[in-house]
Amino acid sequence: MTTSETVHLMSSRSARAACLIFLAVGRQAAAQWTPADSHTLADLRGVAVAEDSILLASGAQGTVLTSADLGQHWTAHPVAGAGSVDFRGVVGFSPRTICAMVAAQDTARIYRTTDGGGVWTLRYDNTRRGAFLDGVAGWDRRRGLAVGDPVAGHFVVLTTDDAGGHWSDIHPDRLPPALPGEAIFAASNTALVTQRGGRAWIATGGGARTRVLRTADYGVTWQASDVPLVAGTDHSGAFALAFRGDGRGVVVGGDYRASDAKRANVAVTADGGATWTAGDTAHQVPFLSGVAYTIAGGTPFVVGVGPRGTFGSFDDGMSWVAIDSVGYNAVVTIGGTRLVATGPHGRIAFAASAALAAAAHRSVGVAAFTHADTLRGSITGARAWWDVTFYDLHVAVSPPDRSIRGWNGITYRVVGPAEREMQIDLQVPLEIDSVVQGGARLSYRRDGNAFFVAASAPQPLGAQRTVAVYYHGVPRAAQHAPWDGGFVWADDSLKRPWIATASQGWGASVWWPNKDTQADEPDSQRIAITVPDSLVDVSNGRLRGTVRHDDGTTTYEWFVRSPINNYDVAVNAGRYAHDSSVYHGEAGDLTLDFWPLAIHADTARKQFTQVASMLRCFEGWFGPYPWYDDGYKLIETPYLGMEHQSGIAYGNHYKNGYLGGDLSGTGWGLKWDFIIVHESAHEWFGNSITTADMADMWVHESFANYAEALYTECQFGKGAGAEYVIGSRKRIVNDTPPVPAYGVNAEGSGDMYYKGASMLHTIRQIIGSDSTWRSILRGLNSTFRHQVVTGRDIEQYMSVRAGIDLSPVFAQYLTTTHVPVLEYAVQDSVLSYRWADVVPGFAMPVRVTVAPQHSLVLSPRTTWQVVALPRGEPVDVRVDENYYVTARRVAATAPTGRE
């Protein structure tokens, strides 16, 4: 845009396209945001994520930053000859191929690096009068887009198909002409956004009208729509966009010179940007420069940022509530459930979406959950009277129009007095065509994502019945699988279709009709998937047969002989190769089947040799692999990974670590493949032992996360495993408790992973016997094998087997955000100590070192206790770091042995 540069100027004149993003953190942030140290005071506006493993940020004074450990540490990457420019945009085509965009008057430049920031080359340079780039983004690992202000009445739109190596202008004839005064703002690099599949949107301002330009074919054709946003000056209009995968989107902006004004600063769309509606005038927000969609409690949550703070919306941007008052320029989502924001003075901060959502609810004092949340997350009357025994799922997948069509036969047993209706779940925009039982069509009504079917035939107690549900539609496309799930429509590197599903969190009903609760699993299931002949489908269980059809499609029929979570049921269709072997395990011979893309067959054969050592380790700790009847499979997918039962989704690019990085920061995580180890651990915890309510997901994730340390211990010794757990603690946020509300399909804080693992490691220290610890882990998997449980079931079992009441320990780590504090004082060779910041009744023993070669096991309570120390030795109290606690020395005169 063509306004002059001022302090905190939001116009596009001061931005330029970049393929890198780095995050900066301010000296102060609100409680919901956790600051990081960017080591710069530059104004930061660009921020991005490269393949979920590398964070990027950029800004003034030639600043380009990267972080390889999800924001813990940042590295600056000087760009030769660009030390004074403003890098307002950055995009990572891969962790090593990054482009950074310069925003400057009459200067439009894009720099590129292919070695992660070491050497930069100038790949685009436009010095025409009026040239000014405002945004840069990527569609995939090769294709990208950059946009700039109009020159000679036409927007500058550039495309690349070689990851930023070359940039080409889209001919002005293919673009809507610019209106008088119309331009683009470069406040956050999100006036331009892209989605996989060739969709992109550009928000404009500065003229008499605000508009959004859109394309659905990689920029070949464009359309423009008016947006009911504030307009009329060169400093007002739309500044940032965000879209979900179902066509819903939000655009934010306003007048940056009147940033406090609550005007028409937000508009929303439900049809991919063709039409826009103004936000709720009763719940408006001040000027916003950045916006992002995220997931909180399994549902969409919109976060907006600007100079006046952070704001949240639970209804796709229609109405907003204030969260905090710290100013940021830009915000992006990481993995669907976390966010990172950048701002002035080098400010960078992180937040869990659940924490921001909770803060938004607190600010208005309203209930955090909706009627739809209750229908999805509770055992309603229309669910309670019937128990699923068998699913017979048949789905035809059509890649050209991304539609599906099929039916599911639901066999169930009547287990209680039958209500008038049965609840069957299927999410919009999918539609049910008919529901049939006993040859008769049943009537039904829709309530959001739930259908209530009226049973016509008698449903006597103990009877077994089958109802067939026929349906069709275009299922929700996953925006960021597996965190933001649905159908994944992708291409392999040879541009051939590659299709997969990932539905945990969103729920299996995002693509097939079922009783969508973890509390009810079928005893077995058929999965018959029809795909074009050029593709192979690999689903759960064992392949029973294939049938070729005259219309150029093939049906692959898979059968699962065991109980299975509905969200584990999966489609994986691609140009696969197949390799197999046999593992001689505790329960006999287990078939191992590997399904990489054919182009990766040789690489996969080497990487997947880790499966045998993983199985040996986990069978030793947890007992026999739970699915000998159904086998073990690894299936390459176009997303990172998922614990799909007997058919693990694998997308770690055949690298050790997590996409080549070590989440623990210790080096141990680089010695094994994260997805093979973590997702396979879910076969025991999550798939065999399944929690009835999402609120108890810590049972799945805490044990699976701790399994990473147990595998490290198996391979490299007990000390290595402990180092891995301890190193992972830097990822604990303590924002909200791991256990949220029950009965509303709410997923707790991401701390269920790393904090949960440290909790289990701490409990292992409390028990004090590795043989007892192993017997507890194996006992859990024999006692609750193939069962649906509650978190309380697991807690009570472990307490009984340990002979210790562990309930206060579980309550402390799972239901609060406080880390236990061991307060102590030393005076005259007497150590006084107690627990602080703990739940009532907390009395956990802890090992401490009080002097060289002198350690003690203390049994603190919340009241002061004392113990005599050896005289004449220097006292240096240190808590054994295997316990997830902190220590705090207090004044020697405070404790007296009593309260």
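Helices here are DSSP runs of H or I with at least four residues, strands are runs of E with at least two, and both are numbered from the N terminus. What you're looking at is a predicted model, where local features need pLDDT of at least 70, side-chain atom pairs count only at pLDDT 80 or more, and totals for chains, interfaces and linings use all residues. Residues are numbered from 1 along each chain as its sequence is written, and side-chain values use heavy atoms, with hydrogens and water left out.

Let's start with the whole protein. It holds 12 helices and 58 strands. Its radius of gyration (over C-alpha atoms) is 28 Å, close to the 29 Å from the globule rule (2.2 Å times the number of residues to the power 0.38), so the protein is as compact as a globular protein of 899 residues. Buried residues (under 20% relative accessible area, 1.4 Å probe, protein chains only) make up 63% of the 899.

Now for helix α11.

| Feature of α11 | Value |
|---|---|
| Residues | 791-802 (12 residues) |
| Reach, first C-alpha to last | 17 Å |

Gly791, Ile794, Glu795, Tyr797, Met798, Ser799 and Ala802 of α11 are buried. Their cover includes α7 (698-716), α9 (751-767) and β51 (787-789). Just after α11, Gly803 takes a positive phi of about 70°.

Elsewhere, Leu41 sits in the loop between β2 (34-35) and β3 (44-50). Leu41 is exposed (over 50%), at a relative accessible area of 55%. Its C-alpha is 15 Å from that of His77, which is 36 residues away along the chain.

Key: The expected span of a helix is 1.5 Å times one less than its number of residues. Contact means heavy atoms within 4.5 Å.
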